[in-house]
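Hello,

Here is the structure we talked about handing over. Please open it alongside this email and follow the notes below.

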Amino acid sequence: MAGRRSGAATVAAAGTASAAGGAQAGAAGTDAAPGVTDKTPRTARGRKTLRAILDAAAAEFGARGFHDTGITHITQRAGVALGTFYTYFNSKEEVFRALVRDMSAQVRDHVAPAIAAAPDGLAAERAGLASFLGFVRAHKEIYRIIDEAEFVDPDSYRAHYRNTADRIAARLGEAERRGDLRVPDAEVVAWAIMGMNVFLGLRFGVLGADRTPEDVAATANALLAHGLVGGQMG
């Protein structure tokens, strides 16, 4: 998606992995980025601590940016000792990488119920976008963090979009097989939907909240349903 304002394209991703677990389990899995080790917490207390570190990292990276954020900023906000940080992460780069995965998982888990409850493919895109806009308004830092990932951790940045587009394309394919939609080129359409959602999230989630998520999603959904031909929208 275009340039530096691409952070929230995960709107259309569906799935059920936990946010905190996704950050570390994903890092240890088959799509793991280089240099990430498996420090997955085995206890409820450990998972709670990891969640606190990731939430603090999101707040600090979102406010200061990657380069101006220090590990001590994160630990102080999380209320943990410096040594505790290194129980879970080896470096600032590693927690940033985990955070990109974690935020993707959070969006995915947030919108998945709305998508799953929709009666058809077109309604799923509308419900997913409305749910996503609500998420962005509560987590505006996601844009800055994903944008910076392009330079801080390009592998995670590319995987973020590639995986999201693959999930959208798969959902479109399922809708086409059910007869809900006609999709001439699933890859192109998936990336187009993702791009649209990214900038709608920027405009109506980060830059302003002067329209309801449902209203924005309805207009975008009409575009998907009818296109720009013949004045059919509205």
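**A tyrosine pair in H8**

Tyr157 and Tyr161 are about one helical turn apart, because they sit 4 residues from each other in helix H8 (residues 154–178). Bear in mind that this is a predicted model.

How do the two rings meet? The ring centres of Tyr157 and Tyr161 are 5.1 Å apart and the planes stand at 75 degrees, so the pair is edge-to-face. The cut-off for that class is over 60 degrees. Tyr157 has 11% relative accessibility, so Tyr157 counts as buried. Tyr161 has 3%, so Tyr161 counts as buried too. The limit for buried is under 20%.

**Other aromatic pairs**

How many aromatic pairs does a search of the whole structure find? The search gives 6. One of them joins Phe61 and Phe66. This pair is stacked, with 5.7 Å from centre to centre and 20 degrees between the planes. Phe61 and Phe66 are both buried.

The charged end of Lys92 sits over the Phe66 ring, 4.3 Å from the ring centre.

**The chain as a whole**

The chain has 10 helices and 0 strands. Read from the N terminus, the elements run α-α-α-α-α-α-α-α-α-α. The chain counts 234 residues, and 48% of them are buried.

Now the contacts. Take those in the chain with a separation of 6 or more: 75% of them are between residues 24 or more positions apart.

**The largest pocket**

How much space lies in the largest pocket? The volume is about 430 Å³. The lining holds 16 residues. Nearest the pocket centre lie Arg182, Val189, Leu223, Leu224 and Ala225.

Which helices supply at least two residues each to this lining? They are helix H6 (121–138), helix H9 (186–207) and helix H10 (213–226). By class, the pocket lining has 12 nonpolar, 2 polar and 2 charged residues.

**The cavities**

There are 2 cavities of 30 Å³ or more in the structure. The largest cavity has a volume of about 40 Å³.

H6, H9 and H10 each supply at least two residues of the lining of the largest cavity. H10 gives the largest share, 4 residues. The residues that line this cavity are Glu125, Arg126, Leu129, Ile193, Met196, Asn197, Ala217, Ala220, Asn221 and Leu224. By class, the cavity lining has 6 nonpolar, 2 polar and 2 charged residues.

Compare the two lists when you look. Leu224 is among the residues nearest the centre of the largest pocket, and Leu224 also lines the largest cavity.

Ala222 has 16% relative accessibility, so Ala222 counts as buried.

Is Arg108 buried or exposed? Arg108 is buried, because the relative accessible area is 15% and the limit is under 20%. Arg108 and Phe132 are 24 residues apart along the chain, and 8.9 Å separates their C-alpha atoms.

*Thr84.* Helix H4 (residues 82–88) holds this residue. Thr84 has a relative accessible area of 26%, so Thr84 is partly exposed. Which residues does Thr84 touch, not counting those up to four places away in sequence? Thr84 touches Thr49 and Ile53. Thr84 and Ile53 are 31 residues apart in sequence, and 9.4 Å apart in space, C-alpha to C-alpha.

**Where to start**

I would open the views in this order:

- Tyr157 and Tyr161 in helix H8.
- The largest pocket, with residues from H6, H9 and H10 in its lining.
- The largest cavity, with 4 lining residues from H10.

Best wishes

Notes: Residues are numbered from 1 along each chain as its sequence is written. This is a predicted model: local features need pLDDT of at least 70, side-chain atom pairs count only at pLDDT 80 or more; totals for chains, interfaces and linings use all residues. Side-chain values use heavy atoms; hydrogens and water are left out. Rings of Phe, Tyr and Trp (its six-membered ring) pair if their centres lie within 6.5 Å; planes under 30 degrees apart count as stacked, over 60 as edge-to-face and the rest as tilted. Buried means under 20% relative accessible area, exposed over 50%, partly exposed in between (1.4 Å probe, protein chains only). A charge sits over a ring if NZ of Lys or CZ of Arg is within 6 Å of the ring centre and within 35 degrees of the ring normal. On a 1 Å grid over the protein atoms alone, a cavity is a set of points where a 1.4 Å probe fits but cannot get out, and a pocket is an open set with protein on both sides within 12 Å along at least five of seven lines; lining residues have an atom within 4 Å of a point. Grid points are joined across faces, edges and corners, and a volume is the space filled by probe spheres set on the points. Ala, Val, Leu, Ile, Met, Phe, Trp, Tyr, Cys and Pro count as nonpolar, Asp, Glu, Lys and Arg as charged, and the others, Gly among them, as polar. Contact means heavy atoms within 4.5 Å.
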